[in-house]
Amino acid sequence: MSELTSFELEGSLNGQREVLTLILTHLLRNPDEAFTKALEERLAPSNQQEDPGAVPQAAFAVEAARAREIKRMVDDAKARVRSGE
């Protein structure tokens, strides 16, 4: 496979995010206790810290970015559920 340009990579990630948000929207409309618990666990700060990204280490920065992306998708899905989309 050839190397993706930054625009292709961004488009690919945006497409994946949209599909995942649609899946989350469906799952939030049809709640499942195990799924909800697993999702909440991934939104909780790790290592008992308020902001794990505050520690200037690469591993924590990646973890914080992951948590932010999960939160964005969950927030988008919840907004879609509220709006009836």
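I started at Arg80, which is buried, with a relative accessible area of 14%. I take buried as under 20% relative accessible area, exposed as over 50% and partly exposed as in between, with a 1.4 Å probe and protein chains only. Arg80 lies in helix α3. Leaving aside neighbours within four places in sequence, I found Arg80 in contact with Glu18, Thr21, Leu22, Thr25, Arg29 and Glu85. Contact here means heavy atoms within 4.5 Å.

**Basis of the entries**

I am reading a predicted model, in which local features need pLDDT of at least 70, side-chain atom pairs count only at pLDDT 80 or more, and totals for chains, interfaces and linings use all residues. Residues are numbered from 1 along each chain as its sequence is written, and side-chain values use heavy atoms, with hydrogens and water left out.

**Confidence**

I looked up pLDDT, the predictor's confidence in each residue, from 0 to 100. The chain has a mean of 82, and 85% of its residues reach 70 or more. Confidence is highest in helix α1 (residues 6-29), at a mean of 91, and lowest in helix α2 (residues 33-43), at 84. I keep in mind that where pLDDT is low, the predicted coordinates should not be read in detail.

**Overall layout**

Helices (H or I, at least four residues) and strands (E, at least two) are DSSP runs, numbered from the N terminus. Along the sequence the pattern reads α-α-α. Of the 85 residues in the chain, 14% are buried. Among contacts with a separation of 6 or more, 73% are made by residues 24 or more positions apart.

**Helix α1**

I checked the length of α1 first. At 1.5 Å a residue, its 24 residues should span 34 Å, and the end C-alpha atoms are 34 Å apart, which agrees. The expected span is 1.5 Å times one less than the number of residues in the helix.

Which residues of α1 are buried? I list Thr21, Leu24 and Thr25. What covers them includes α2 and α3 (58-83).

Thr25 lies in α1, and I note it as buried because its relative accessibility is 3%. Beyond neighbours within four places in sequence, Thr25 is in contact with Ala77, Arg80 and Val81.

Glu18 also has its place in α1. Glu18 and Ala77 are 59 residues apart in sequence, and their C-alpha atoms are 9.7 Å apart in space.

**Helix α3**

The buried residues I noted in α3 are Phe60, Ala64, Ile70, Met73, Val74, Ala77 and Arg80. They pack against α1 and α2.

Arg72 is placed in α3. Is Arg72 buried or partly exposed? It counts as partly exposed, because its relative accessibility is 41%. Arg72 and Thr21 are 51 residues apart in sequence and 9.2 Å apart in space, C-alpha to C-alpha. After α3 comes Gly84, whose phi is positive, near 80°.

**Packing of α2 on α3**

Two packed helices are described by the angle between their axes and the distance between the axes. For α2 and α3 I have an angle of about 135°, with the axes 9 Å apart. That makes α2 oblique to α3. Angles under 35 degrees count as roughly parallel, over 145 as roughly antiparallel, 65 to 115 as roughly perpendicular and the rest as oblique. The axes are lines fitted to C-alpha atoms, for helices over the stretch in contact, and angles run from 0 to 180 degrees between N-to-C directions.

Which residues make the contact? From α2 I list Leu39, Arg42 and Leu43, and from α3 Arg66, Ala67, Ile70, Lys71 and Val74. They divide into five nonpolar, no polar and three charged. In this grouping Ala, Val, Leu, Ile, Met, Phe, Trp, Tyr, Cys and Pro count as nonpolar, Asp, Glu, Lys and Arg as charged, and the others, Gly among them, as polar.

I then looked at Leu43, which has its place in α2. Leu43 counts as partly exposed, because its relative accessibility is 31%. Leaving aside neighbours within four places in sequence, Leu43 is in contact with Ala67, Ile70, Lys71 and Val74. The C-alpha atoms of Leu43 and Arg66, 23 residues apart along the chain, are separated by 9.4 Å.
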